[in-house]
Amino acid sequence: MDKQETPLKTTAVRFVRAVKIFMTSEAGIKARWLLVGLVLLLCGINALNVVNSYVGRNFMTAIADRKSAEFIQQAIFYIGVFAASTVVAVFARFTEERLALLWREFLTRRAVKLYLADATYFHLGYSGTLTHPDQRIADDVRAFTITTLSFILMVFNSALTILAFSGVLWSISPLLFVVAMFYAACGSYVTIALGRPLIKLNYDQLDKEAGFRSGLIHVRERAEAVMVARCEEQQNARLLQRLDEAIANFRQVTAINRNVGFFTTGYNWLIQIIPALIVAPAFIRGDAEFGVITQSAAAFALLVGAFSLIVTQFQSISTFAAVVSRLSSLLQAIEQSHAPGSPLAIQVDEDENCLGLEHLFLLSSTDGKPLIRDLSVSIGLGTRVLITGPNQAGSVALFKAMAGIPTTGSGRIIRPGAGGILFLPQQPYLMPGTLRQTLVPPDKSADISDDRILHLLHEFNLDVGQTGGLDKESDWDAVLSLREQQLLALIGIILARPRFVFLDRLDTTLGADEFRKILHTLSEHSITYLNSGAARGPEGLYDAILTCSQNGEWTWTTNPPEHEPIL
């Protein structure tokens, strides 16, 4: 039993913590004022509802007694109360939406920050413990803030309604008050019993819809590759399979909604007739006015509605419970990705002035065979290194391990911290956006001039940024060739000026002369480079060569420098 209650308890704790973090933040100051205003408006709505019940009773009684003057007077009161209720209700709704928007903005900003911090986005995808974190951040946060606020206000409003109308209904008929509570309690129990499976089904539905949508996005983003590979039929089968899964799950949702709907529809219809069945005999005996029947019906409906939130809002509650559970899973996955509970076998330490590998063993993730055995070298600033040899898998594994990508193995890596070393893979990543955003690090935007950027583009013969300017947005991965992407990424590295840069097999794409020019440019900017390449190339480009042989063996060869030190 405890194992079943733990996830629910954890979700509840995270829910309370999310509310607390928001209310104690800077945005929470404005939120508290909005909340106070909203509470006052809800109190006003309930007060006007009570007034409206008495005005309505007098209005109907005046009609039954055929009193024209009283009828006109009560009609004027009725219109006035409706007008005031309309104004207060509209402002209450407006305030609620603004408060929900403020909360969504705060939570989304916080979620995005956590998602992008410490490579959490990578670790979540690599571990496979969480599906579609993007959908949880974009859609579930929105649903969470809007629905949470809506439910809190509904509960608060229901409490006010119970306080306001319990006395009214009791004064009309104590029996009717008792029936209202008993009727609501029975309805809530039956609704929960019928609709309990909806929580898990709604959770699964959100995941299956996200899976189908991500498949469509994949086809759109890889349209050229899909067309070249002629795999439209495979993509069609894959997408339709995901669609079938979503439809099958939703069929179960609609079946349960049907069963719940049979009960809740009948439940709501009976609310209209129960007050008349109890109060009408008193009117027939002459013990009550005719308006009391309509007043009792309105009071009974409001009171039962306040007691019956589970019945009237169960479908929304089940969806909301799924959203809270998904956000709780996201938060738990983020916390686990930062937790030091299971340290990586490869230890990574920071030193701004050198690169070091101590007793590094790297293994194949597929069969566990050694790719690198007991590698121990130290690379100081200015020591330009070529990593080559027939064991290309070992070079790739070394690149990944030094970049911080989880790699099977053991040992110790010493390297500079963020910004001190950059890595350029064979297929670089260029962020969509303006050329300035792609090339210039945010912390150096004030130090790098447009002329400097344009000069480097001209030096590397890149015809970008010349016509549209540096502020024209583009998807560079789509519009540039692989060679141009590599050159543009190298310009970004030169502008960032790290201490070290690790290049991965760029010489397979770039020409020999062009690549030699790049290495000279890196040296001129005091950037120590490591190049994982297939051949040694011209003399004078490297100070040391790490040769990765088969079975994980390696050799380290140093060359006498044929140039002035770069530092």
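**Close-up 1. F77 and the nonpolar surface patch in the predicted model.** F77 is partly exposed, its relative accessible area being 41%. That value lies between the limits of under 20% for buried and over 50% for exposed residues. The residue is found in helix α3. Helix α3, residues 68-116, supplies the largest share of the patch, with four residues.

**Close-up 2. Buried and exposed faces of helix α15.** Helix α15 spans residues 450-459, and its buried residues are I453, L456 and L457. Viewed down the helix axis, these buried residues fall within an arc of 100 degrees, so they line one face of α15. Their packing partners are α14 (435-439) and α17 (482-496). The exposed residues D451 and H458 sit on the face of α15 that is turned away from the buried side. Just after the helix, N461 has a positive phi of about 55 degrees.

**Close-up 3. Pairing of strand β5 with β1 and with β2.** Strand β5 covers residues 409-415 and pairs with β1, residues 346-350, in the parallel sense over five bridges. Within this pairing, Q347 stands opposite R412 of β5. Strand β2, residues 354-363, pairs with β5 in the antiparallel sense, also over five bridges. On the β5 side, S410 is the bridge partner of F361.

Technical notes:
Residues numbered from 1 in each chain as written. Predicted model: local features only at pLDDT ≥ 70, side-chain atom pairs only at ≥ 80, totals over all residues. Heavy atoms only, no water. Patch = residues over 30% accessible without salt bridge, like charges linked within 9 Å, V, L, I, M, F, W, Y side chains within 5 Å. Areas by Shrake-Rupley, 256 points an atom, 1.4 Å probe, with all protein chains shown as cover. Salt bridge = Lys/Arg side-chain N within 4 Å of Asp/Glu carboxyl O. Helix = DSSP H or I, 4+ residues; strand = E, 2+ residues; numbered from the N terminus. Buried < 20%, exposed > 50% of the residue type's maximum accessible area, 1.4 Å probe, protein only. Arc of directions from axis to C-beta. Contact = heavy atoms within 4.5 Å. Pairing = 2+ DSSP bridges.
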